[in-house]
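Keep the viewer open as you read and click along.

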Amino acid sequence: MTTRLTVREAFFDFCRSVGMTTVFGNPGSTELRMFRDFPDDFHYVLALQETVAVAAAAGHSLGTGGATLVSLHSAGGVGHSLGAVFNAYRDRVPVVIIAGQQSRAMLPTHPFLGADEPAQFPRPYVKWSRQPERAEDVPAALAEAYRVAMTPPRGPVFLSVPEDDWDRPSEPVPHREIRTDFTASPAALREVAAALDGAANPVIIVGAGVEDEGALPGVVELAERTGAPVWISPLSGRSGFPEDHALFRGFLPPVRDQLSARLEGHDVILALGTPIFTYHVHSEGRVIPEGARLFHFDCDPATTAWAPVGTSVLTTIDAGVSGLLELVAKADRPQPEPRERLAKPQATDPIDPALVVETLRERMPEDAVIVEECPSHRDLFHARMPITRSGGFLTTGSGALGWGLPVAVGRAVAGSGERIVCVIGDGSTMYSVQSLWTAAQHRVPMTVLVLNNHGYGAVKALGRRIELETVPGTDIHGIDFVALARSLGCEGRTVTRAADLDAAMAEGLGHEGPFVIDVRVAPDDSAAYTPETR
């Protein structure tokens, strides 16, 4: 006979079976019955705003490699979270979102705090979205949601649960598993391998999918076997290749004509785990140089469908690269010239942001993980801070601000004591500054380095690109980030002189819990938007 459980018991049993026992959330009235007899082996992480809850859950997923559960309030709470849901979708992070809903009997009267058409609300930025027709179907719907979230391309999913469902009878979810790796046909792999073997000057472009799918060792081997230089795709949310490797060339710009110019002279282009291509500002010109052949490996049929050029091969990256390694011959190509190491900038006041990044590089613990959200300084950050190991760098490839700080908190919660360093702009910080409270409550080993230029510098730069004399609404003054951090339970230090920078960095990186360093950097009001500097 089948054991009868409540929906709540079956729900938590399934979560336990797949390792989703950490719950990020911000509770409301329609979630209270979910928490009756909350299991002792589950860990609830409170966030003070729903964007923080979803982004912190995403950071936890990026740290564990699995899906993470996040609990939100009904329509209003879900609405608050949608910027982070958008980022999680674009960045392919498996987050299982459970939203409360008013009791089923109340729904025909459009009750206070009820969600109309809840399954439609987060679309199109979730992979799967549903409110089950019957209470007893909730545990099975959760299982389906989890499997969809974890199937490549991974991403967020959404389940709305009326509050009176939790006490209803249900049945356990039967155990089952899905093997998610898949690869292209042998003929497709032979076609790509033949192109690489016959190329005069091949090049490889890597995206976030390389790290997300555990393909980094194979990609390094493939690059070394073919002698192909490697670029990181525009606005990638991960690294994807050791940036101190002799074959590493840098970061492709998110501008069509500039990107194509970088690839000039290459006759075969292999793009792995990245869209073709992500642009930020428009320019005319070719997507790739004339005469070049592009081959594109990705696990997402939609991404391969809209790629404007080349031959797309539908495959998970590790499986596809492993297949190529069985076919591609060792090439005898000369090594590229090593990339020039930039000189350390002078210690001047106001502080040069490049000096801040160089000082961080010198002080960084070997096992530290960097989370970056500093749009004004992203180019110089990448030029001076090489990421050399898998999992050592996280950012967003989609650009909705407020992601970095809570992602850093969630990644720290998932960690085993390694230092998480969040390099962030002052404007980005204020989108989700509530994250510091959660960091303080859990005493996570996290250093927040605020590059404070008193405004939205990236927006100003874009304004200059289109010849705006002034850009309204881009100045931010009067915020004491250290006082704000202390009010939320975090220690911190303000740095206004270059002479004090190294000591502050040492203190912040060595502090036992979270620590905020507010560095007042020189505003770069003269620079144009030049992504080619990456």
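Predicted model: local features only at pLDDT ≥ 70, side-chain atom pairs only at ≥ 80, totals over all residues.

## The six-stranded sheet

Let's start with an open sheet. Six strands build it, with parallel pairing, in the order E16-E15-E17-E18-E20-E19. At the edges sit strand E16 (393-394) and strand E19 (491-495), each of which pairs on one side only.

Now for some of the individual pairings. Strand E15 (residues 369-373) runs parallel to strand E17 (residues 420-425), with five bridges between them. How much of E20 is buried? Five of its six residues are, so to speak, tucked away: the strand is mostly covered.

## Helices on the sheet

Helix H18 (residues 501-510) lies across E17, E18, E19 and E20, and its direction makes about 160 degrees with E20.

The other is H11, and H11 and H18 also pack on each other, with axes 10 Å apart and an angle of about 50 degrees. That angle makes H11 oblique to H18. The crossing of the two is right-handed. On the H11 side the contact uses Leu 355, Val 356, Thr 359, Leu 360 and Arg 363, while H18 brings in Leu 501, Asp 502, Met 505, Ala 506 and Leu 509. Sorted by class, that gives seven nonpolar residues, one polar and two charged. 

The spacing of contact residues in a helix is worth a thought here. An α-helix has 3.6 residues a turn, so residues three or four places apart point the same way.

## H1 against H4

Next, jump to the start of the chain. Helix H1 (residues 7-17) and helix H4 (residues 138-150) have axes that come within 8 Å and cross at roughly 25 degrees. That makes H1 roughly parallel to H4. H1 passes H4 in a right-handed crossing.

Which residues make the contact? From H1 they are Val 7, Ala 10, Phe 11, Phe 14 and Cys 15, and from H4 they are Val 138, Pro 139, Leu 142, Ala 143, Tyr 146 and Arg 147. Of these, 10 are nonpolar, none is polar and one is charged.

## A covered strand: E2

Strand E2 (residues 22-25) has both faces covered. Thr 22 and Phe 24 are buried on one side, and Val 23 and Gly 25 are buried on the other.

E2 also has parallel partners. Four bridges connect E2 with strand E3 (residues 43-46), where Gly 25 is opposite Leu 46. Three bridges connect E2 with strand E4 (residues 68-72), and Phe 24 has Val 70 in E4 as its bridge partner.

## H7, an enclosed helix

Why call helix H7 (residues 216-226) largely enclosed? Eight of its 11 residues are buried, so the rest of the structure largely encloses H7. The buried ones are Leu 216, Gly 218, Val 219, Val 220, Leu 222, Ala 223, Arg 225 and Thr 226.

Those buried residues pack against strand E9 (202-206), helix H6 (208-212), strand E10 (230-232), strand E12 (268-272) and helix H10 (317-325). Just past the end of H7, have a look at Gly 227, which has a positive phi of about 70 degrees.

## H5 against H10

H10 turns up again in a helix pair. Helix H5 (residues 186-198) packs with H10 at an angle of about 60 degrees, and their axes are 9 Å apart. H5 and H10 are therefore oblique to each other. H5 passes H10 in a right-handed crossing.

The H5 residues in this contact are Leu 189, Val 192, Ala 193 and Leu 196; the H10 residues are Gly 320, Gly 323 and Leu 324. By class there are five nonpolar, two polar and no charged residues.

Note on methods. Residues numbered from 1 in each chain as written. Heavy atoms only, no water. Pairing = 2+ DSSP bridges. Contact = heavy atoms within 4.5 Å. Axes fitted to C-alpha atoms, helices over the stretch in contact; angles between N-to-C directions. Parallel < 35°, antiparallel > 145°, perpendicular 65-115°, else oblique. Left-handed = near helix turned anticlockwise from the far one by under 90°. Nonpolar A, V, L, I, M, F, W, Y, C, P; charged D, E, K, R; others polar. Buried < 20%, exposed > 50% of the residue type's maximum accessible area, 1.4 Å probe, protein only.
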